[in-house]
Amino acid sequence: MTLIDTLKRPGAIRIEFQPMLCIRSGRPRLYALEALARGPRGSSVERPNVLFEYARRKGEESQLDSICIAEALASAATLPGKPRISINVHGSTLGNIPHFAEHFLDAAESFEIAPERLILEIVEHRAPWTMDSFQSTLGTLRDAGVRIAVDDLGVGASNFRMIVDCRPDHLKVDRYIVDGCSRDSVRSAVIASIVSLADAIGASPIAEGIEHEDDLEVVAKLGIGVVQGFLFAPAMPADELAQTAYLESTPAIKKGS
């Protein structure tokens, strides 16, 4: 039995959600929930970095993406209210799985999740992908109302090419750049440059890995209005999240907003 066969079993992939919070005015309010996949509890692939690295080496990352997306949508459907849901996907999955956009939108519809509530965070660890198919897939998703984000900006393969290819609505600044920015002028300068770039291309920056008040103050002063990190909340299962006050601050989501 392959890893993918094992992960297809009910409950093998666990989904946790971490809040992204808008800090622009008054008390932080929920902007979106990032769906994060975890491997089978107690297994060697429980940690997501190990899980996805194993799948990558086996050439099964697109199959794993499909499983995780299905589980994320199913879990999101159990949440009260109608929060935005952000889901990770590899660029190679968008470019190499035929009719990905149609399957994704159909799956969301089956759980009564409107496309306007969805953000796809594109990650990539190898390139290139099939560009024509990739661009066509992104176009279909955008036309339906799905927002696009470039994840892990500042590290790995999330570079200027990713921005040019994806034309994203959001730039997610990696925690490696954010953590310690209040004590590091180079980190804060990099964040300032990303904010400037985001403004120039009509995208909104999101700071990941906020763990300290001082870092929060710096990213806010630099112009970042949406943040996520342990300073506010860890990732948690849907049933635990439903017991918090975060979902009570979910804004109304209108088409095109």
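Modeller: I'll call two residues in contact when they have heavy atoms within 4.5 Å. Bear in mind that this is a predicted model, where local features need pLDDT of at least 70 and side-chain atom pairs pLDDT 80 or more, while totals for chains, interfaces and linings use all residues. Numbering starts from 1 along each chain as its sequence is written, and side-chain values use heavy atoms, without hydrogens or water.

Let's take Leu21. It belongs to strand E1, residues 14–22 (strands are DSSP runs of E, at least two residues; helices are runs of H or I, at least four; both are numbered from the N terminus). Leu21 has a relative accessible area of 1%, so it counts as buried (under 20%; exposed is over 50%, partly exposed in between, with a 1.4 Å probe and protein chains only). Skip the neighbours within four places in sequence, and Leu21 still touches Pro28, Arg29, Leu30 and Tyr31, along with Gly225, Val226, Val227, Phe232 and Tyr246.

Val219 is in turn one of the residues that touch the most other members of the largest nonpolar core, together with Phe17, Ile87, Phe104 and Leu120. That core has 69 residues (a core being buried Ala, Val, Leu, Ile, Met, Phe, Trp, Tyr and Cys joined through side-chain atoms within 4.5 Å). Helix H3, residues 61–76, gives it the largest share, 7 residues. As a rule, nonpolar side chains in soluble globular proteins tend to be buried together.

Now the whole chain. There are 11 helices and 8 strands. With a radius of gyration of 17 Å against 18 Å from the globule rule for 257 residues, the chain is as compact as a globular protein of that length (taken over C-alpha atoms; the rule is 2.2 Å times the number of residues to the power 0.38). Buried residues make up 49% of the 257. Of the contacts with a separation of 6 or more, 68% join residues 24 or more positions apart.
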